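Have the viewer open as you read.

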Amino acid sequence: GLNFIDLMVRQGNIDNPPKTPLVPGFECSGIVEALGDSVKGFEIGDRVMAFVNYSAWAEVVCTPVEFVYKIPDDMSFPEAAAFPMNFVTAYMMLFEVANLREGMSVLVHSAGGGVGQAVAQLCSTVPNVTVFGTASSFKHEAIKDSVTHLFDRNADYVQEVKRISTDGVDIVLDCLCGENTGKGLSLLKPLGTYILYGSSNMVTGETKSFFSFAKSWWQVEKVNPIKLYEENKVIAGFSLLNLLFKQNRGSLIKSVMDKLLNLYTNKKIKPVVDSLWALEEVKEAMQRIHDRGNIGKLILDVEKAPTPLVS
């Protein structure tokens, strides 16, 4: 699976990136080729998907058994590689952090991306949830049925949301950071929850620019704790990778994956795969995410031959 965090790793926009040479990637699917001595519950030949602390973009991957899950019979390998990061992130933000319930409203940025589409599908499993989404206008036709109200990512979505829902929304899921932080907080209803789960505005042009990086942070509205309590608002952060690899919450993630796989089996959710790319095409695949051209998840497929360049 190819994720926005991979672009941030490439540009050095994360804390303590590993030293090079480095194989990127945090999730994959494949067939079990070998097992550790004490591994129970899996056999050689099993179809599995897994979280990996780097090194997922490879032909052979090794990861602790607690991060590995069996793939349902009717799920393809590309779907399985598109499943863990997006759906676990979306589920935990909606249900573990924000406590989504019937009749609530949610604003999600990048509604056409992998997490955005997972959020939209999970919201549809709860009665009467209103989903406001922002996305590039060329994606609107493809994703208009997945959300209740769709806005252009460059439009004044704050006014649009307030026009439809005068008192705002219950949950804001923000992967953009920058100036959107203040806008998101301003849209929250009392007892609403704002969750920052990424900072894709930090990803600059082809090369990392310190000045554009600093400008993004400078635009982040400073949060006043006293104002939070006066307005009854909740501000939260969510990082699935830290939860998995730094805070040792693998057992919690496993219980979430069990629920998600149950939803998949009951045909309530289905990962959206944008496109498959050969490993040699990773530069072009990353550029597609950088340009926000994807609808759903991009997948690197080790068995795919590169597409011949047309002269």
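## The largest cavity

Helix H4 (114-123) gives the most to the lining of the largest cavity, with four residues. The cavity holds about 50 Å³ of space, and a search of the whole structure finds one cavity of 30 Å³ or more. The model is predicted: local features need pLDDT of at least 70 and side-chain atom pairs count only at pLDDT 80 or more, while totals for chains, interfaces and linings use all residues. Residues are numbered from 1 along each chain as its sequence is written, and side-chain values use heavy atoms, with hydrogens and water left out.

Among the residues that line the largest cavity are Asn 86, Phe 87, Gln 117, Gln 121 and Lys 297. By class, the lining has five nonpolar, four polar and two charged residues; Ala, Val, Leu, Ile, Met, Phe, Trp, Tyr, Cys and Pro count as nonpolar, Asp, Glu, Lys and Arg as charged, and the others, Gly among them, as polar.

## How space is defined

Grid points are joined across faces, edges and corners, and a volume is the space filled by probe spheres set on the points.

## The second largest pocket

The second largest pocket has a volume of about 1,000 Å³. Its lining counts 34 residues, and Cys 28, Ser 29, Gly 30, Ile 31 and Val 61 are the closest to its centre. Strand S1 (27-31), strand S2 (47-51), helix H2 (77-81) and strand S11 (297-300) each give two or more residues, and S1 gives the most, with five. The lining divides into 24 nonpolar, five polar and five charged residues.

## Aromatic pairs

The whole structure has seven aromatic pairs (ring centres of Phe, Tyr or Trp, its six-membered ring, within 6.5 Å; stacked under 30 degrees between planes, edge-to-face over 60, tilted for the rest). Phe 26 and Tyr 54 form a tilted pair, 4.7 Å centre to centre with 55° between the planes. This pair links distant parts of the chain, 28 residues apart: Phe 26 is in the loop between helix H1 (4-11) and S1, and Tyr 54 in the loop between S2 and strand S3 (68-70). Phe 26 is buried at 3% relative accessible area, and Tyr 54 counts as buried at 15% (buried is under 20%, exposed over 50%, partly exposed in between, with a 1.4 Å probe and protein chains only).

Tyr 91 and Phe 95 form another tilted pair, with 4.7 Å between centres and 45° between planes. Both lie in helix H3 (residues 84-97), four residues apart, about one turn of the helix. Ring pairs also link Phe 83, Phe 87 and Tyr 264 into a cluster.

Definitions and conventions
1 Å grid on protein atoms, 1.4 Å probe; cavity = no way out; pocket = protein on both sides within 12 Å on 5 of 7 lines; lining within 4 Å.
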